[in-house]
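Walk through the model below from its overall form down to single side chains.

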Amino acid sequence: MNVIPTRLPEVLILEPKVFGDARGFFLESWNARTFAEATGSAAAFVQDNHSRSARNVLRGIHYQMVKPQGKLVRVVAGRVLDVAVDLRRSSPNFGQWAGVELSAENHRQLWIPPGFGHGFAVLSDSADFLYKTTEYWLPEHDRSLRWNDPALGIDWQLDGEPLVAAKDAAAPLLSDAEVYA
């Protein structure tokens, strides 16, 4: 597995080895030992999620205050811009973001450890997005950060107005959000 750092040192791009020929391809999408060696994390995943979204759908920026989730994310159809935001007030990178294109073609995965907000925008006609989480989803502790907060300045690379959920449209700015210590 090839590990590529992002501008946020803890957020890592993981490129699995892909074996392809005229029949198609094979890749190992998850191996606990390889993941631990690549990331230095012995993350134990408890939940797998799959979402399908249309072009210009923007989901996020989401995080969980109690039992923060680490996420290993990938795209199996289409392409997205995947974004992680450092929400740890004690971090020198607090309020900074990293964006990575994930697609069915590049097979990249992104490791987003606990303490970061996460969102993605669909750049293709549709996208199937899969992610593993280190904690169960707890709706009462679910939080959102405003996707278009000028203090973050995220370039979502969309070709039109994003389609967002009501909770994401009404989410607080970073300056007013509940964040980690």
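What percentage of the 181 residues in the protein is buried? Buried residues make up 46% of them, where buried means under 20% relative accessible area, exposed over 50% and partly exposed in between, with a 1.4 Å probe and protein chains only. This is a predicted model, in which local features need pLDDT of at least 70, side-chain atom pairs count only at pLDDT 80 or more, and totals for chains, interfaces and linings use all residues. Residues are numbered from 1 along each chain as its sequence is written, and side-chain values use heavy atoms, with hydrogens and water left out.

The radius of gyration, taken over C-alpha atoms, is 16 Å, which agrees with the value near 16 Å for a compact globule of 181 residues; the globule rule is 2.2 Å times the number of residues to the power 0.38. Along the principal axes, the C-alpha atoms fill a box of roughly 50 × 35 × 30 Å.

The secondary structure comprises two helices and 13 strands; these are DSSP runs numbered from the N terminus, helices being H or I with at least four residues and strands E with at least two. Strand β9 (residues 97-103) has five of its seven residues buried, so it is largely enclosed by the rest of the structure. Strand β8 (residues 79-86) pairs with β9 in the antiparallel sense over seven bridges, pairing being assigned if DSSP finds at least two bridges between two strands. Asp82 has Val100 in β9 as its bridge partner.

Gln64 belongs to strand β6 (residues 58-64) and counts as buried because its relative accessibility is 1%. Its side chain reaches the backbone oxygen of Lys67 at 3.0 Å, and a polar atom of that side chain lies 3.4 Å from the backbone oxygen of Val66.

The aromatic residues come next. There are eight aromatic pairs in the structure; rings of Phe, Tyr and Trp (its six-membered ring) pair if their centres lie within 6.5 Å, and planes under 30 degrees apart count as stacked, over 60 as edge-to-face and the rest as tilted. Phe35 and Phe45 form an edge-to-face pair, at 5.8 Å centre to centre with 70° between the planes. Phe35 lies in helix α1 (residues 32-39) and Phe45 in the loop between α1 and β5 (47-54), so the pair ties together parts that are 10 residues apart in sequence. Phe120 and Phe129 form a stacked pair, at 3.9 Å centre to centre with 10° between the planes. Phe120 is buried at 4% relative accessibility, and Phe129 is buried at 0%.

Note on methods. Polar contact = N/O pair within 3.5 Å; in protein donor to acceptor, adjacent residues only side chain to side chain.
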